[in-house]
Amino acid sequence: MSGAHSLSTSLFVPGTSPIHRLAPECKLVATVLFVFAVVSTPREAIWAYACYAAILAALIGIARLPFRAVLRRLVIELPFLAFAFFLPIVGRGERVDVLGMSLSVAGLWGAWNILVKGTLGVAASIVMSSTTPVPEILHGLEHLRLPKVFVSICAFMVRYADVVTGEMRRTRIACESRGHNPRWIWQARAVASSAGALFIRSYERGERVYLAMVSRGYAGAMPVLGHRRATRGDWSWALGVPALAGAVSLVAWTVG
Amino acid sequence: MTAGAALEVRSLVFAYPDGHQALFGVDLVVARGQRVALLGPNGAGKTTLVLHLNGIYTAAHGDVVVAGLPVVKEHLREIRRRVGIVFQDPDDQLFMPTVRDDVAFGPANLGLRGAELDARVAAALESVGMADHADRPPHHLSFGQRRRVAAATVLAMEPEILVLDEPSSNLDPAARREFADIVRALDMTTLMVTHDLPYALELCPRALVMNEGRIVADGPTREILADGALMAANRLELPFGFDPARC
C-alpha cells in the first residue's frame with residue numbers, strides 16, 4: 001500500500017501555520033466566498049486580479065507552502081483551459097493581429113476571463129487542500145451541516161479509493177503477467193471485463209463493510225464525533241480573506 | 001442454561017434464503033474466560049456460525065445465548081456490544097477517515113460521547129499498542145497494524161466475548177507473534193476461527209472441529225491435533241515438521 005501517493009495525503013502539506021490551525025469549516029467557507037468574489041469581478045478590471053493574486057501569494061507565504069508545488073498543482077486546470085485557447089481563434093467581431101495571427105478581441109477577453117478566474121479559483125482551493133488533511137475537510141463539511149449521507153459517501157470514497165486502486169493495480173499486474181499488453185481498441189475486452197470484476201468485488205466489499213458496521217451497532221446513522229469546533233477567532237481570521245476580496249470586487253464594479 | 005457460560009449455542013439450524021443449508025444443529029458452550037479455537041475446512045459453516053453470534057443471521061431453529069442474554073431482535077444492540085467480531089480483512093472493518101474515529105464508531109453507536117468516549121478509545125488503542133497512531137488514516141498502517149486497530153475497534157465496546165476470524169492470515173511471522181501476545185494479554189473469552197493450527201495450539205487450550213454444519217469434535221487442542229484419523233476426516237493438516245506433542 002503506497003502511503004505517499006494515497007488520495008488522503010497527497011495534497012496535504014504538513015505545517016503549523018495559523019492557516020493550518022484554522023478550523024476546517026472556516027477554510028471551506030472562506031474558499032467558496034473568495035471564489036465567488038473573484039468570479040463576480042468584471043474581467044476588464046485587471047488590477048483587481050492582481051490584488052487577488054497578491055492575497056493568495058500572501059496566504060501561501062503565511063502557510064509556508066512550497067511555491068513550486070503550488071505551481072505544479074495548478075497544472076490540473078490545463079484541460080479546462082484548452083477550451084479558453086480556442087475562443088480568440090473562433091471568436092467573432094473586431095479582430096487584432098497578435099504575432100501574425102488574427103484574433104478576436106471578444107474571444108481574447110473571454111479567454112482571459114476563464115484563464116484568470118480559473119487559475120485564482122484553483123489556487124485558492126490548493127491553499128485550502130494543502131493546509132487541511134482530508135479527514136478534517138470531511139469533519140468541516142459535517143460541521144457545516146452538509147447532509148450526512150453526502151459526507152459519508154465522501155468519507156467512504158476517500159477511505160476506499162486506495163483499496164480499490166490497489167485491487168486494480170493487482171488485476172493489471174496479473175493480466176500483464178499472462179502476456180496481456182493492452183494497446184489497441186480490440187484488446188479492450190479484457191480491460192472491460194476486469195473493470196466489471198472490480199465493480200463486483202467492490203460491491204461485495206461494500207456488503208462486508210456494512211456487516212462489520214452493523215456488528216458494531218450501526219443502525220442507519222453515522223455517529224457525530226466530537227471534534228474541535230470553530231471559534232469566533234477562527235471565523236474572523238478566515239472570513240477576513242473573502243471580505244478583502246469582496247471589497248476589491250466592489251471597488252472594481254464601482255470604478256469600472 | 002449453563003451457569004456462567006459466556007456463550008451458549010443450542011441445536012442451531014440455519015439455511016440461506018436460496019435453500020442451501022449451512023448449519024445442521026450446532027451445540028457448544030464456552031465458559032467465561034476460555035479461549036477456544038474453531039477449526040474446520042472451508043465451507044464447514046464456521047463464518048455462518050460466527051454471524052449468528054451477534055444476530056446478523058437469526059436462527060431458523062435453536063438458540064444462541066450470550067452471557068445469559070438470548071440473541072433475539074429486542075436485544076440486538078446489547079448483543080452487538082457483548083460480541084466483538086474482528087473480521088478477516090481489516091479493510092472491511094476500518095472505514096472511517098482516522099484510526100481514532102474508527103475505534104470511536106462502536107462506542108459512539110452505544111451512545112457514549114465526550115470524555116467517556118475518548119477514554120474508551122484511548123484504552124482500546126493502548127491495549128493493542130496502537131495509541132500513537134490514533135490520528136492516522138487506517139490505510140497508512142501496515143497490515144499487522146490494521147489488524148490490531150480492527151481488534152481495538154471491538155475492544156472499545158468492552159465485549160464479553162471476542163471473536164477472531166482468521167487472526168493470523170496475511171501476517172508476517174513477527175506480526176503474527178505480536179498479535180498472539182495481544183490476545184494472551186487481553187485474557188478474554190475468545191472464539192478464534194482459524195486454519196492456522198499451530199496458532200490454535202499456541203493460544204487456545206480447547207478446540208472445536210466443525211464440518212458440514214456440525215461440531216464433530218470438542219476437546220483439548222493438543223489431543224485433537226494429535227488425532228490423525230479425526231484430522232484427516234475433516235481436511236485438517238498440520239504444517240510440515242510440526243509435532244503438537246512436542247510443543
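Four strands of chain B line up in an open sheet, in the order β2-β1-β4-β5, with antiparallel pairing. The two edge strands are β2 (21–31) and β5 (69–70) of chain B; each has a single partner strand, so one side of each has no neighbour in the sheet. Keep in mind that this is a predicted model.

- Strand β4 of chain B covers residues 61–66 and pairs with β5(B) in the antiparallel sense, over 2 bridges.

**Chain B as a whole**

- Counting up the secondary structure, chain B has 10 helices and 10 strands.
- Its radius of gyration is 18 Å, close to the 18 Å that the globule rule gives for 247 residues, so chain B is as compact as a globular protein of that length.
- Taken along the principal axes, the box filled by the C-alpha atoms of chain B is roughly 55 × 45 × 35 Å.
- As for burial, 49% of the 247 residues of chain B count as buried.
- Take the contacts in chain B between residues at least 6 apart in sequence: 65% of them join residues at least 24 apart.

**Where chain A meets chain B**

- On the chain A side, 27 residues are in contact with 29 residues of chain B.
- The elements of chain A that give two or more residues to this side are α7 (134–143), α8 (148–177) and α9 (188–215).
- Helix α9(A) provides the largest share of the chain A side, with 7 residues.
- By residue type, the side of chain A that touches chain B splits into 16 nonpolar, 6 polar and 5 charged.

**A closer look at B:Asp243**

- You'll find B:Asp243 in the segment after α10 (228–233) of chain B.
- B:Asp243 has 9 other C-beta atoms within 10 Å, and a residue with 12 or fewer counts as exposed, so B:Asp243 is exposed.
- B:Asp243 and B:Ala226 are 17 residues apart along the chain, and their C-alpha atoms are separated by 8.1 Å.

How values were computed: Residues are numbered from 1 along each chain as its sequence is written. Chains are lettered from A and ligands numbered from 1 in the order in which they are written. This is a predicted model: local features need pLDDT of at least 70, side-chain atom pairs count only at pLDDT 80 or more; totals for chains, interfaces and linings use all residues. A residue is buried if 20 or more other C-beta atoms lie within 10 Å of its own, exposed if 12 or fewer, and partly exposed in between; C-beta atoms are placed from the backbone. Two residues are in contact if their C-beta atoms, placed from the backbone, lie within 7 Å. Ala, Val, Leu, Ile, Met, Phe, Trp, Tyr, Cys and Pro count as nonpolar, Asp, Glu, Lys and Arg as charged, and the others, Gly among them, as polar. The radius of gyration is taken over C-alpha atoms; the globule rule is 2.2 Å times the number of residues to the power 0.38. Two strands pair if DSSP finds at least two bridges between them.
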